[in-house]
Amino acid sequence: MYNLGEQFKVGKNAIANPKSIIKGEKYRFTILTERLIRLEYSENGIFEDRATEHVFNRRLDVPKFQVMEDARMVTIVTDYFKLFYIKNSPFRANRVSPANNLKVEFLENIDPNKPNRYWYFGMPEVKNYGAPGFELLENKKVKLDKGLFSLDGFVTIDDSDSMVIDEDGVISKKENESTDLYLFVYLNDFSKCLEDYYKVTGFTPLIPRYALGNWWSRNYKYGDEKLKELVTLFKEKKIPVSTIILNHDWHLRNDKVNVNTGFTFNNNVFKNPQETVKFLHNNGIKVGLTINPFEGFTNIDSVYTETIKYLQPNSDGVVPFNVYDPKVIDVYLKFYIHQLDNMGIDYYFIDYNNKQNLKDLFMLKHYQYYDMMKYINRRPLLYGYNACLCPHRYSVLYSGKSVVGWNTLREIPLFNIHSTNNGVTWWAHDIGGFHNGVEDNELFIRFVQLGTFSPILKLSAEAGKYYKREPWRWGIKTYDITKDYLQLRHRLIPYIYSEAYKLSRFGTPFLYPLYYTKPEMYDDPLYHNEYYFGSELFVSPILTSKDYVMDRVIHKFFIPEGTWYDFITGKKFPGNRRYVSFFKDQDYPVFVKMGAIIPMASGDDIFSTKPPQDMEIQIFPGKSNNYVMYEDDGETNLYLKNNYVLTNIDYNYMPNNYTVIIRALEGKGDVIPPTRNYKFVFRNTKQADDVTIYKDYEKIPFESYVDGPNFIVEVKNIPTFGHQLTVNCKGQDIEIDAVRLVNEDIEGIISDLQIKTEQKDMIDKIMFSDLSIRKKRIAVRRLQNKKLERKFIQLCLKLLEYVEISDTGGEK
């Protein structure tokens, strides 16, 4: 036994409630929920009660179930399954009758003439949707391992060979061989599978608020001055950055023994590292360091002298790093990591990517993450490659160094949403691509736009000077567009953080694939990349380059059930149908559901990731809705002691009368600003005839105005806790009908063509005439006689295809 510290003791609830256990001489069944059962078989009758690398918690409320048994058989029944087992027989039966010894029947059919599906030990799980493994691109494609989501309606987790975690928090190998299996029977409700999975493995921790802002990471030898110059440029260009990761050049290296690792700042690069850390913190930027202890410890670090008092160096003077030895872990954390913690380092990037030793990576990440739990004033964040063992528990995952190119961009959305199949959310990709490839304006724009609506946005690249991740190094158009989206990302933090809270607290997925509700979309190459971004937004990412003649991307997308609005333009899209539309570089297909409420930061607050004083609430018409915004200090663990605030935003919609009520539901008001300035943006809404605003029962002054298709109401200095703000607007036919019309899209395309104006008029006359599509095509081809270039004729013919689709009401 080795006592690493109280923070490592994760198995306090590993022993299940005895009332949930059915046990025999060689078997033990634990009914953890109505959908989840643990199945154990041991020849010597010894069963495991310690936490394992997979499962931390088995002490759940006793679910409803029935047990019937006789001398030969035991039968267990819940609302989801019925288990039959021949007592003390091995779970694996013969090939002829594989379900002879153990069979679990699914209770899903109400038709008595139709047999239920069932499971047996060793049954192939052929309809499993899969989840990403180690890297974004392995052998030039996304490799999918087994996930939790399956059309079979069940999944198993084999814990037989897992390592165990003793009562002191030390990870070790099992002493006893046994079969240890968890069977999830969720039928058609995958959300219940995720809920049960998080209950036993641990919920996704609430990541620090700054992790949801813009990250910066370059494989570049920054020093004090270069880093300050970079931060100053970001500030001058009004592009927010929330965290910077320093690569391996920050530390000393022992070149004599060819070891790349180190834990001491290189004073030739950083003359005053503590001042640099303080400078970054004063500018609202958190600091991460790249480390890799697996290469061992050398005399390049001053704590080496103390290290060899406890650990034995090899013949080269290198102290090997053995992650299985708790003493090594203890020395590593106390001598090497804690000294960096004391300098103000916020988190670490574990740069270890040996796919053959993922168990080692898992153990290091586990120890290092839980070591951070001892700091009440610093919330843990760890960044590194996927160890493929309950990775949702260990903060943010890195998908590996990707190639600059459209192929990489195309894989990212599917990679992200497939990860939900394994309960994983927080992936960070190299936005823009990391190396090789061709730097391209349009590609970089689409990368940044996708990153804005991804779990983590990390600008990253290799050291070469021609890799451009600084937006100001591009042309003015690319700079303006990427700047707008990077600002938008920070403005969205109140919304994203509230969704992160729901993931952490309830297990509600943040990214929700379209194919969860439309299974037929899983294999559809046009639509399988689409996903819900929290509860209010829906994203159909642009993954192909534009048609350079029309200067737009031709994009096909599917809109789910309901009515949705384009988040950027406000255009209205009736749901449950396919669309074709044309997107300029600055536009991106993000849709907001009817009645959506989006809390956002406003004004100068976008350069801070803390709860903002200036708040913008975007509200879309058509339906009443309620949104609960979650806030805490964003960087400590005090939220675990109820230091947080839940604010309710209630939108009551009627066509001629709508009301917004804001009030704190629970929590402690000292974690957010005492007063706020609110800017209500009623999207697609005309100016109201009558606006009345109350703080509690007191009528207060306000400012209102129209900005394009939106009606704006602003109020100042509103108390955030213990009071209620009510905004009521009245008027006739308030909502602006903004149904998207394909003719408007085509007019815009014709207007932007680089041709003579009289040729535009000729095209317009044909395209918007009453002629049939066939006759329009003939008329367009004849424009060649008017000296219209062939590429523009081909463009017009292509547009007519989409007009034809639109005229039939879209593709359902």
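This is a predicted model: local features need pLDDT of at least 70, side-chain atom pairs count only at pLDDT 80 or more; totals for chains, interfaces and linings use all residues.
Local features need pLDDT of at least 70 and side-chain atom pairs count only at pLDDT 80 or more, while totals for chains, interfaces and linings use all residues. Residues are numbered from 1 along each chain as its sequence is written, and side-chain values use heavy atoms, with hydrogens and water left out.

Packing comes first. Buried here means under 20% relative accessible area, exposed over 50%, and partly exposed in between, with a 1.4 Å probe and protein chains only. Leaving aside residues up to four places away in sequence, F682 touches I619, Y658, V660, P709, N710, F711, V713, V727 and C729, contact being heavy atoms within 4.5 Å.

Open space is the next topic. A pocket is an open set of points on a 1 Å grid over the protein atoms alone, where a 1.4 Å probe fits, with protein on both sides within 12 Å along at least five of seven lines; lining residues have an atom within 4 Å of a point. The largest pocket has a volume of about 940 Å³, taken as the space filled by probe spheres set on points joined across faces, edges and corners. Of its 31 lining residues, F203, P205, M373, Y639 and L640 lie nearest the centre. Helix α1 (190-201) gives the most to this lining, with four residues.

Turning to charge, the structure holds 44 salt bridges, each a side-chain nitrogen of Lys or Arg within 4 Å of a carboxyl oxygen of Asp or Glu. One of them joins E43 and K26 (3.1 Å, N to O). E43 lies in the loop between β3 (36-41) and β4 (51-52) and K26 in the loop between β1 (21-23) and β2 (27-31), so this pair ties together parts 17 residues apart in sequence. E43 is exposed at 53% relative accessibility, whereas K26 is partly exposed at 21%.

How values were computed:
Helices (H or I, at least four residues) and strands (E, at least two) are DSSP runs, numbered from the N terminus.
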